[in-house]
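Morning, everyone. I've got one structure to walk you through today, so let me put it up on the screen.

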Amino acid sequence: MEHQIDTSGMHVENPLELQMLFSELIFLDNRELTDFRMVVSEKAGFNDETTDTVATFQIAFFLDFKTTLAAGFTDIENLLGRMLLVTQLDGKAPTMELAEVIDICKFSEEQFAEKVKFCRKIIIFSNEWPFDQNITKNNHVLSVYDSRLFHAPAIPSIMTDIELKKAFAAGLKNYFLEA
């Protein structure tokens with residue numbers, strides 16, 4: 001008889017015991033887990049596209065990491081978290097737990113267009129629009145890729161110009177007030 005050494009601490013005689021001990025989700029693969037979340041969302045009354053289970057984050061921050069870090073802004077998540085304090089989402093100030101920080105330089109335009117479909121609030125920090133559309137202004141709300149997003153100046157620009165910082169805060173606050 002072959003003996004197995006239990007290195008994971010999860011050895012049981014009956015595999016169904018694991019399911020009873022931990023969760024019914026323990027044996028689901030990603031596709032099944034997505035299907036399960038969709039059923040849970042439907043039962044909870046969330047049938048609209050804004051609660052699509054593919055998205056785990058409600059807020060997406062797109063920025064150029066290399067440029068931002070080179071300008072001396074190394075604690076990006078903390079900085080973005082403070083920026084969120086001027087906003088409200090569903091009646092509360094959102095936290096970074098609801099947000100995803102993404103390096104826009106690593107996204108193609110197609111990947112970006114697909115990603116923004118699944119987020120409620122999208123903020124792009126860039127002095128120039130990073131994709132093909134001819135968008136010259138920033139610090140305002142745009143409708144692109146069937147989504148409304150906020151195009152802001154790059155973080156180093158915002159943080160070094162007090163007037164730009166005030167305009168950014170006001171624009172971000174108004175963007176979050178939109179339904």
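This is a predicted model: local features need pLDDT of at least 70, side-chain atom pairs count only at pLDDT 80 or more; totals for chains, interfaces and linings use all residues.

The protein chain has 179 residues, and 32% of them count as buried. You'll find seven helices and five strands in there. If you read along from the N terminus, the order goes α-α-β-α-α-β-α-β-β-β-α-α.

In what order do the five strands of the open sheet sit? They go β2-β1-β3-β5-β4, and the pairing is mixed. That puts β2 and β4, residues 140-144, at the edges, each pairing on one side only. From one strand to the next, the twist averages 25°. Let me zoom in on one pair: β1, residues 59-63, runs parallel to β2, and five bridges join the two. As an example, I59 has A99 in β2 as its bridge partner. Then look at helix α5, which packs on this sheet and touches β1, β2, β3 (121-125) and β5. The direction of α5 makes about 160° with that of β1.

Now the inside. The largest nonpolar core has 38 residues, and the ones touching the most other members are F61, F112 and F125. I'd click on F112 if you're following along. Setting aside neighbours within four places in sequence, F112 is in contact with F62, I104, F107, I124, W129, F131, Y145 and L149.

On to charges. As a reminder, side chains of opposite charge can pair when their charged atoms come close. How many salt bridges does a search of the whole structure find? The answer is four, and I'll show you some of them.

Take K115 and E100, whose side chains meet at 2.7 Å, N to O. K115 is in helix α5, residues 109-116, and E100 is in strand β2, residues 99-103, so this pair links distant parts of the chain, 15 residues apart. K115 has a relative accessible area of 23%, so we call it partly exposed.

Another one is K117 with E114, at 3.2 Å, N to O. E114 comes out as partly exposed, at 38% relative accessibility.

Then there's E178 with R148, where the N to O distance is 2.9 Å. What does that pair tie together? E178 lies in the segment after α7 (162-177) while R148 lies in strand β5, residues 147-152, so the bridge joins parts that are 30 residues apart in sequence. These two are partly exposed as well: E178 has a relative accessible area of 27%, and R148 is at 41%.

Last stop, A93. Where does A93 sit? You'll see A93 in the loop between α4 (76-84) and β2. Buried or exposed, or something in between, for A93? At 41% relative accessibility, A93 counts as partly exposed. Leaving out neighbours within four places in sequence, the contacts of A93 are T87 and Q88. If you look across to G81, 12 residues away in sequence, the C-alpha to C-alpha distance from A93 is 9.9 Å.

That's my tour, so over to you for questions.

How values were computed:
Residues are numbered from 1 along each chain as its sequence is written. Side-chain values use heavy atoms; hydrogens and water are left out. Helices (H or I, at least four residues) and strands (E, at least two) are DSSP runs, numbered from the N terminus. Buried means under 20% relative accessible area, exposed over 50%, partly exposed in between (1.4 Å probe, protein chains only). Two strands pair if DSSP finds at least two bridges between them. Axes are lines fitted to C-alpha atoms, for helices over the stretch in contact, and angles run from 0 to 180 degrees between N-to-C directions. Contact means heavy atoms within 4.5 Å. A nonpolar core is a set of buried Ala, Val, Leu, Ile, Met, Phe, Trp, Tyr and Cys residues joined through side-chain atoms within 4.5 Å.
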